[in-house]
Amino acid sequence: MNFKVGDYVSVLDENLSGVIKNIVNDTISIETEDGFLLDFESNELVIQESKNSLNTELFANSNINSVISEKEQPKRKQQKRIKAKDRYEPTMEVDLHINQLVKSPKGMSNHDMLTLQLDTARRQLDFAISKRIQKIVFIHGVGEGVLKLELEYLFGRYDNIKFYDANYQKYGLGATEVYIYQNTPNN
C-alpha cells in the first residue's frame, strides 16, 4: 500500500487508529486519537477514507424507520437445544439400597429388607406410570443378584414396560432401566 503523511489509518490487530506523522523506510509513525506517537510496520496498517468512515459505512443505508420496523418484527422463539445423549437420559432414578430407604436396617431380616425394596420399586413404578414418566432407573447394586432377579420378575408382570441394564458408564452393573410405553390400549 502507498502511505503518505496525513493519511488516516487503522492498525490491523489492535483497536487503534490515527494519522500518519512520519514515514521512514517500512516504519510508519502514527499519532493516535489520544495523542500518542506509535511506530508500526506498513503491513500492520490499513488506510481509512476518513476518521468517521467506519461509522458512516455501517449506517449509510438505513434510517430510523427501517431500524424500528426491523426491531418490531416478531422473531422465532429459540427452542432449547437438547443434546442427543441428554435426550435419552432417564428422567427418574430410584435408589433401592436399604440405607437409602430406612435410617438403620438394624433388626430387619433379609426378607424384610427385600420386601421393603420391592414395595418401594412397585410404588415408584406405579407413580411413574400415573405421571406419564417414560424412563426410570432402579439402582439395586450388584450384591448376590437377588434383588435384581426379583425386580425382573416384578417388571415382567407389567404389559406396558420393557427393562434392560442401565448405562454402564454411569451406573456400572448395579442398575436396571425401565422404559414405559405410554400409549397402550389399557391406559
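Helices here are DSSP runs of H or I with at least four residues, numbered from the N terminus. Helix 5 gives the largest share of its lining, five residues. Both helix 5 (110–130) and helix 6 (146–156) supply at least two lining residues each.

The largest pocket has a volume of about 340 Å³, and 15 residues line it. If you want to find its centre on screen, look for Leu114, Gln117, Glu144, Val146 and Leu147, the lining residues that lie nearest to it. What is the lining made of, by class? It has seven polar, six nonpolar and two charged residues.

## How helix 5 and helix 6 pack

Next, the two helices themselves. The axes of helix 5 and helix 6 come within 11 Å and cross at roughly 35 degrees, and the crossing is right-handed. On the helix 5 side, the contact is formed by Leu114, Gln117, Leu118, Ala121, Arg122 and Leu125. Facing them in helix 6 are Val146, Leu147, Glu150, Leu151, Leu154 and Phe155. By class, this contact has nine nonpolar residues, two charged and one polar.

## How confident is the prediction?

Across the chain, pLDDT averages 83, and 86% of the residues score at least 70. Which elements mark the two ends of the confidence range? Helix 5 has the highest mean pLDDT, 92, while helix 1 (residues 53–59) has the lowest, 51.

Terms used. Residues are numbered from 1 along each chain as its sequence is written. This is a predicted model: local features need pLDDT of at least 70, side-chain atom pairs count only at pLDDT 80 or more; totals for chains, interfaces and linings use all residues. Side-chain values use heavy atoms; hydrogens and water are left out. On a 1 Å grid over the protein atoms alone, a cavity is a set of points where a 1.4 Å probe fits but cannot get out, and a pocket is an open set with protein on both sides within 12 Å along at least five of seven lines; lining residues have an atom within 4 Å of a point. Grid points are joined across faces, edges and corners, and a volume is the space filled by probe spheres set on the points. Ala, Val, Leu, Ile, Met, Phe, Trp, Tyr, Cys and Pro count as nonpolar, Asp, Glu, Lys and Arg as charged, and the others, Gly among them, as polar. pLDDT is the predictor's confidence in each residue, from 0 to 100. Axes are lines fitted to C-alpha atoms, for helices over the stretch in contact, and angles run from 0 to 180 degrees between N-to-C directions. A crossing is left-handed if the near helix is turned anticlockwise from the far one by less than a right angle, and right-handed if clockwise. Contact means heavy atoms within 4.5 Å.
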